[in-house]
Protein chains: 2
Amino acid sequence: MKGNALIGQSGGPTAVINASLAGLIEGARRSDRIGKILGMNFGIEGFLEERIYDLSSQSGEILDKLRMTPGSALGSCRYKVGDEDLPRILELFRKYDIRYFFLIGGNDTMDTIHRVEAYCREKNWDLWGIGIPKTVDNDLYGTDHTPGFPSAGRFNALCVKEAGWLARDMRRVDQFVVYQTIGRDAGWLAAATALAKDGEGDAPHLIYMPERPFDRERFIADARGCVERYGWVSIVVSEGLRYGDGTPVSAARDRDNFGNVELGAMGGASAGLSVHRILSEATGWRGEFQITESLPMSGADRVSPLDREEAYQCGLRGVEAALVGETGVMISLVREEGSPYRVSYATVPLKDTAVRAKAMPDHYINEAGNGVTPACLDYLRPLVGELPDFVCLEPIFIKEE
Amino acid sequence: MKGNALIGQSGGPTAVINASLAGLIEGARRSDRIGKILGMNFGIEGFLEERIYDLSSQSGEILDKLRMTPGSALGSCRYKVGDEDLPRILELFRKYDIRYFFLIGGNDTMDTIHRVEAYCREKNWDLWGIGIPKTVDNDLYGTDHTPGFPSAGRFNALCVKEAGWLARDMRRVDQFVVYQTIGRDAGWLAAATALAKDGEGDAPHLIYMPERPFDRERFIADARGCVERYGWVSIVVSEGLRYGDGTPVSAARDRDNFGNVELGAMGGASAGLSVHRILSEATGWRGEFQITESLPMSGADRVSPLDREEAYQCGLRGVEAALVGETGVMISLVREEGSPYRVSYATVPLKDTAVRAKAMPDHYINEAGNGVTPACLDYLRPLVGELPDFVCLEPIFIKEE
């Protein structure tokens, strides 16, 4: 069926979400069944206000550079579509003759497409609705991994590796470094930093993921053990870390040396900061905390090249899927077992991917709950790609007489 | 005079301090007057314990990769040399026949070389002592800029640019982003982020440097003005920011909504966190804070290529200077006025560089104290180098009927 295409970006950006947008535009341009290519400015929220880009008229130069540009070029939102919005959406679909509908997003976005697509079908408006996966959290069901995650994981691994090289050489001054990463419910982005480690003494030494309860005393003991062995310790924490009773680690329960501290969201709560304070208070050690927040979601100069290409392909394949009549599905990355890395593209029903978040598999986390397993490294390595190869001086010392 | 060379690294690393080390080793290898090349493991502190690398025996491959490796490969320290250490240092210089003495460091390091060199001269031990500049803070006198600063500035500019691209697209969700950078007394590293801005609405909008007192109310008004104009605001703060009465901004004086918060050093004090809280409390806006700490000092994959080359050259030139009989000097970068960028190498007396920190010139900071001037941008641009060229979609919208 002939008609126009509508594309939107939703939720937090990734460093490669615009590559998916470029893939969708490119795919749509190739088809003579798709007329105009429209873009939602600020997602569904902006669409409801009829803020609509004409993407057919964007120059080739803009589209080329889009693949390398961070952010969500269309503008994003975190709007929860209510049932009351559905008639208005359909009205606008009719008005703009939207037959092909693509949203790039995470769990909630897949749910939105699912509901819009089902509503249109019920109202006899033929629509091909396709989800393009993206989220740095890597917590979408139905796909081996999610575009955006490999690049964010790479950013984290670079930070932890490079800061580790520095921290080791400064261990006579500072004893620890804490890196906080995104990850409310899933530890994937913390786990990715494990790739920074080449030799046994390299950073990171301890990785705490939200899949396991955080235990203050065990943490202090873990850190002491590392400092005894290596003279310093590199610690990675997911922002969503919780104690056994469910209290977020970021909502520090401790008093510091200076007064009563009770950090809340508005006070700049942070698991990294809490862990930093716990350790410096327990040991008297000096250390730093690094909180990069959205930097791994936007680090366009540090993307995993594989990730950028896959994100672009997901866009292209999304259009292809719609044109062969698929609807109510998400593009999915299917990975062959073993090495070398090989991936193919498929589709999965949106209802199987939406809303629920995929945690890390149990066998990817070590028994002590402070690191990852070799199986996890095998999964991560091809995604994140090779990291720079640094050296230490050979330990050739002048003998004392 | 024939003799051995001794090299040390001191203070905090930069992403290119090992390039200076490689330059020194390379320079020393070329000379037949220099016998063994020795390295202080953990600076003067380790040297006093006779922890001494034999750098003559390092492989070519190690030395090649050293130029690309972050950290201070020799190990660093923050040891303050006391007068009582000087006889022991001289004793070790005699024992190991040290005639050429090179330290790579900042203000304190230059002071150390100055005192060691003067002491040896007084005791009739011929010594050629040369300082190789390094510090991300760019606050050394006697040189146009300091190796390490351009790369750290580049790291900061990349972060602020990329996070700005993201934040603009997310402005319907979050209204502000705060980036905290290193810089206790000098605002250079905050200023470097100004290069992230291409168009008027781009990040960063507000840059607060320690050279100007921070005013809470003026800051809130500045931020409100930006959000009115652009819908969001990108804020950069130096860690060393202070109020007019000298109180560090990091030592928050405010109470938050949840209790009595008084952050101190052990509690994870941070100007970025304070500024984040001030703004979210005053406005109710959502935003994030990014604290990268040592990441710009170790971001080997993001160095300014000019910086790496200059750092290497400073090492080479340091050896050359010693071999033509200079002593008690620091290698200095002399920049020609105007464009294109041209630099030559010279030496300056250590006594003119040591201890005092160079603040930013007054005319590099704008009148409002929340940004930099065009003259500052001209100074910074060639050092930091070109940043990635990102695009926005052309604002071509579907007209509503």
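The same surface serves both copies, as 99% of the contact residues of chain B recur in chain A.

The model is predicted, and local features need pLDDT of at least 70, side-chain atom pairs count only at pLDDT 80 or more, while totals for chains, interfaces and linings use all residues. Residues are numbered from 1 along each chain as its sequence is written, and chains are lettered from A and ligands numbered from 1 in the order in which they are written.

The contact between the chains takes 78 residues from chain B and 77 residues from chain A (two residues are in contact if their C-beta atoms, placed from the backbone, lie within 7 Å). Among the elements of chain B that give two or more residues to the side touching chain A are strand S3 (52–54), helix H3 (60–66) and helix H6 (149–169); helices (H or I, at least four residues) and strands (E, at least two) are DSSP runs, numbered from the N terminus. H6(B) gives the most to this side, with eight residues. By class, this side of chain B has 36 nonpolar, 21 polar and 21 charged residues, where Ala, Val, Leu, Ile, Met, Phe, Trp, Tyr, Cys and Pro count as nonpolar, Asp, Glu, Lys and Arg as charged, and the others, Gly among them, as polar.

Within chain B, an open sheet of seven strands runs in the order S3-S2-S1-S4-S5-S10-S11, with mixed pairing (two strands pair if DSSP finds at least two bridges between them). S3 and strand S11 (343–349) of chain B are the edge strands, each pairing on one side only. Strands S5 (residues 128–133) and S10 (residues 329–335) of chain B pair in the parallel sense over two bridges, and Ile130(B) stands opposite Val329(B) in S10(B).

Turning to chain A, helix H1 (residues 17–30) and helix H11 (residues 305–323) pack at an angle of about 35°, with their axes 7 Å apart. Axes are lines fitted to C-alpha atoms, for helices over the stretch in contact, and angles run from 0 to 180 degrees between N-to-C directions. The contact of H1(A) with H11(A) has 11 nonpolar, six polar and three charged residues.
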